[in-house]
Amino acid sequence: MMRDFRDAVFDGVLEVVAQDPRVMVLTNDMGAMGLSQIQESFPKQVLNVGISEQNMMSVAAGLALSGSMVFAYGIASHITSRCYEQLKLDVCALNVPVVILGMGSGLSYGIDGPTHHSTHDCALLQTLPEMTIYIPADGVATKAIVARAYRERTPAYIRIDKDPYEPIYTAEIHDFSLGNSTVQEGESLCVVTNGIMLHRVREVATELLREGIELTIIDLYRLNPCNESLLLEACHGAQAIVTVEEHGRFGGIGNLVGRLLSEQGIRIPFKGISLSDETMFGAASRSWAHAKYGLDKENLKNELRQMALFPMTV
Amino acid sequence: MDIQALSQKSSELRLHILNAALKAGKGHVPPAFSWVEIGVALFYGGHLSFRPSEPKWEGRDRFILSKGHGCLTLYAILADLGFIPKEALDSFCQPGNVLAGHPDTNIPGVEVISGSLGHGLGVSAGLALGAKLNSQSWNVVTVMGDGECQEGSVWEAAMFASHHRLDNLVAVIDRNQLGATSFTEKNLTLEPLENRWEAFGWDVVSIDGHSFEELNRVFSSIGHRTSTKPLLVLAETVKGKGVSFMESSVDWHHRLPKGDEVKDALRQLTEPNIHSGLVESMEMVHDA
């Protein structure tokens, strides 16, 4: 059954709000059913700061300096890029507990136009060493990561998808402290992905398996700081590595894995599949944009098959 | 401190500020000079609670220097009060030293990082709201530049502070009429500044920012406000105050005096310090 990431986010937030009166939830006039429910039960802990992302982050830092732990909720593209300097100086440099809940990762809001495309967010925030970046793929991961961000009390960004998801994880198995997990193991090819693209890659993997191509799939749910040793261990022995992400070319999984392989002197065929960095004008629906940039199922299947069977020719 | 002592302290600090900048060969002296009396009134006039030996004391009032380029005044105060060693000023802007050209939180007594304008009021508003939410009695005082009010984020924070009735927040605008290269009214009009702040829901008091009588009068309300609005102190000041050729000049934002200008500046700052021995020692240093 398809489920909504927002429910998982605010289930997690509700739990920490209920147990800790010093948790504050700020929104830049962005709503969600789960948020309304928290506001009804804990009205003093939810604050609509108005449409003012720069001030939201400065206020969040000030609240955190006075002893609060803050969740700041808004559209991902707006509450990462509009207030980048506030995140850099007021939140990260002061290393205060402010957790950004960025709604609408990647092209979740594709048809709403380029203002709402969050395809540079990870690139921007990866430049801030104090900022932990999470990209969960399902509700179990999301809820666990919210709880984790609360406990860690450091700046964090949780990139949340607007589209529904099919469950992947069970809470009993994963605690999401390691930074990445091997979702399935296979001999042919290693694919590193996260978020909504993890589901697409799993679908493709199922179809490729019928052709005898077995994929290792790694869910890199924590992009920063990357657990590099675990990632390298999981990729060890692969004939080729492919990264798949719904993000621009720079500053995402592809850059990270490519640098890692290069620094480690690992000579292995590598391909990064992502969106382009160009501005997508018009109603760039997710399916339309995925088809254009090669993130759709058919293209991914072809690319992964090619890499698995003829890695040196790519 | 009485007014004469505050005045004497201001004169001493101006000499320390100039001395530090001359030794470093850099620094924003005129923007520091314009808020010396504001800083002295706050820190020496009994209007702020703080403990130099315990900079993070929970009960302290939070002082936020939003116009970070004016940090030499804050550094001189922190050194004089014992937050940092007095000799720290001598290594202002020396590579690897804690006192940079704009302040950061590695310096005891500095609450936030500033230097990029338009951040201090928002963080101050968050602090002030946090104090209220946690039933803390401390106050938040921030000093901003007037040119800083050209930043949009200032007005986001202004709306927020009045909406939440942050009567524990005092913002002081160092209204010296100048930005970095131009008069504010020439590059981007701020006036009617008083009306604009009032329209944003603040109590506004306009004063002479170099008058201790007026500064003491308005700062004595810190912690004793009767209004529920945040307080904006529009302090009319002179950029470069104390050195005639720096005063209200578009040429003097981060320029430093050279040659005879150094002697002239020191001479003008001398009179109240004639007995302190500071001037003679500084002239010797800078002659050398």
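1. Helices (H or I, at least four residues) and strands (E, at least two) are DSSP runs, numbered from the N terminus. A crossover is right-handed if, with the strands pointing away from the viewer, the path from the first strand over the helix to the second runs clockwise.

2. A word on the ground rules. This is a predicted model, in which local features need pLDDT of at least 70 and side-chain atom pairs count only at pLDDT 80 or more, while totals for chains, interfaces and linings use all residues. Residues are numbered from 1 along each chain as its sequence is written, and chains are lettered from A and ligands numbered from 1 in the order in which they are written.

3. The unit above belongs to an open sheet of five strands in chain A, ordered β7-β9-β8-β11-β12, with mixed pairing. Two strands pair if DSSP finds at least two bridges between them. At the edges lie β7 (181-184) and β12 (270-273) of chain A, each pairing on one side only. From one strand to the next the twist averages 25°; axes are lines fitted to C-alpha atoms, for helices over the stretch in contact, and angles run from 0 to 180 degrees between N-to-C directions.

4. Please have a look at β8(A), where five of the five residues are buried, so the strand is largely enclosed by the rest of the structure. Buried means that 20 or more other C-beta atoms lie within 10 Å of a residue's own, exposed that 12 or fewer do, and partly exposed is in between, with C-beta atoms placed from the backbone. A:Leu189, A:Val191 and A:Thr193 point one way from the strand, A:Cys190 and A:Val192 the other way. From β8(A) the chain crosses through α8(A) to β9(A), in a right-handed β-α-β crossover.

5. The neighbours of β8(A) are worth checking residue by residue. Strand β8 (residues 189-193) runs parallel to β9 (residues 215-219) in chain A, joined by five bridges, and A:Thr193 has A:Asp219 as its bridge partner in β9(A). Four bridges join β8(A) to β11(A), also a parallel pair; there A:Val191 is partnered by A:Val242 and A:Val192 by A:Thr243.

6. β11(A) is covered on both faces: A:Ile241 and A:Thr243 are buried on one side, A:Val242 and A:Val244 on the other. Four bridges connect β11(A) with β12(A), again in parallel, and A:Ile241 has A:Phe270 as its bridge partner in β12(A).

7. Helix α9 (residues 228-235) of chain A lies across β7, β8, β9 and β11 (241-244), running at about 170° to β9(A). Helix α12 (residues 297-309) of chain A has 13 residues and spans 18 Å from its first C-alpha to its last, close to the 18 Å expected at 1.5 Å a residue; the expected span is 1.5 Å times one less than the number of residues.

8. Which residues of α12(A) are buried? They are A:Leu300, A:Leu304, A:Met307 and A:Ala308. Seen down the axis of α12(A), these buried residues fall within an arc of 100°, so they line one face of the helix; the arc is that of the directions from the helix axis to the C-beta atoms. They pack against β8, α8 (195-209), β9, β11 and β12 of chain A, whereas the face turned away carries the exposed A:Glu298 and A:Asn302.

9. Chain A also has an open sheet of seven strands, in the order β2-β1-β3-β4-β6-β5-β10 and with mixed pairing. Its edge strands are β2 (46-48) and β10 (222-224), each pairing on one side only, and its twist averages 20° from one strand to the next. Within it, β1 (residues 23-27) and β3 (residues 69-75) of chain A pair in the parallel sense over five bridges, with A:Ala72 in β3(A) as the bridge partner of A:Leu26.

10. Finally, the interface: 19 residues of chain B are in contact with 20 residues of chain A, contact meaning that C-beta atoms, placed from the backbone, lie within 7 Å. On the side of chain B that touches chain A, α5 (120-133) and α6 (152-163) are the elements that give two or more residues, and α5(B) gives the most, with nine residues.

Conventions. Two residues are in contact if their C-beta atoms, placed from the backbone, lie within 7 Å.
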